[in-house]
Amino acid sequence: MVVNGDIMKIQSKIYLYNFLTVVFALLTFVSLGSVGSLPLYTVAVNVALFGVLTRVYYNKENHLRRVLKNRRKQKKVQLSVYKSTAASRPVASVA
């Protein structure tokens, strides 16, 4: 059974991972922009580090989105029982 609080925890983690993905992607581009002012080795290490962190948090966010989608799908699956309308129809008399 899915608890609503569990979905809220997952949703808040998605927001956090989304924020961190954007921050690390921006830091990757800022590191690329510092090619002229910093040594090339430092720039390469910074770009690699922030690129890997961006990818990690992007993958974590997408994983949690799939988990949330599956849980919501499981929550919606319910059996429905419909009344038969045959009992409410009048029986035609044959005369």
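At 16% relative accessibility, Tyr17 counts as buried, a label given to residues under 20% relative accessible area, with exposed meaning over 50% and partly exposed in between (1.4 Å probe, protein chains only). The model is a predicted one, in which local features need pLDDT of at least 70 and side-chain atom pairs count only at pLDDT 80 or more, while totals for chains, interfaces and linings use all residues. Residues are numbered from 1 along each chain as its sequence is written, and side-chain values use heavy atoms, leaving out hydrogens and water.

The chain has 2 helices and 0 strands; both kinds of element are DSSP runs numbered from the N terminus, helices being H or I with at least four residues and strands E with at least two. Of its 95 residues, 18% are buried. The accessible surface comes to about 8000 Å², and carbon and sulfur atoms hold 65% of that surface (Shrake-Rupley method, 1.4 Å probe; for residues, only the protein chains shown count as cover). Among contacts with a separation of 6 or more, 74% are between residues 24 or more positions apart, a contact being heavy atoms within 4.5 Å.

Tyr17 also takes part in the aromatic pairing. The structure holds 3 aromatic pairs, counted where ring centres of Phe, Tyr or Trp (its six-membered ring) lie within 6.5 Å, with planes under 30 degrees apart called stacked, over 60 edge-to-face and the rest tilted. The pair of Tyr17 and Tyr57 is tilted, because the ring planes stand at 45°, with the centres 5.6 Å apart. Since Tyr17 belongs to helix α1 (residues 4–33) and Tyr57 to helix α2 (residues 40–76), this pair ties together parts that are 40 residues apart in sequence. Tyr57 is buried as well, at a relative accessible area of 19%. Ring pairs join Tyr17, Phe24, Phe50 and Tyr57 into a cluster.

Next come the charged side chains. There are 2 salt bridges, each a side-chain nitrogen of Lys or Arg within 4 Å of a carboxyl oxygen of Asp or Glu. In one of them, Asp6 meets Arg71 with an N to O distance of 2.1 Å. Because Asp6 lies in helix α1 and Arg71 in helix α2, the pair ties together parts that are 65 residues apart in sequence. Asp6 is partly exposed at 30% relative accessible area, and Arg71 is partly exposed at 26%. In another, the closest N and O atoms of Glu61 and Arg65 are 2.9 Å apart. Glu61 and Arg65 are 4 residues apart in helix α2, so about one helical turn separates them. Glu61 is buried, at 6%, whereas Arg65 is partly exposed, at 41%.

Finally, Thr28 sits in helix α1 and is buried at 12% relative accessibility. Its side chain reaches the backbone oxygen of Phe24 at 2.8 Å, and a polar atom of the Thr28 side chain lies 3.5 Å from the backbone nitrogen of Gly51. Leaving aside residues up to four places away in sequence, Thr28 touches Val47, Phe50, Gly51 and Thr54.

Technical notes. A polar contact is a pair of N or O atoms within 3.5 Å; within protein, one must be able to donate a hydrogen and the other to accept it, and residues adjacent in sequence count only if both atoms are side-chain atoms.
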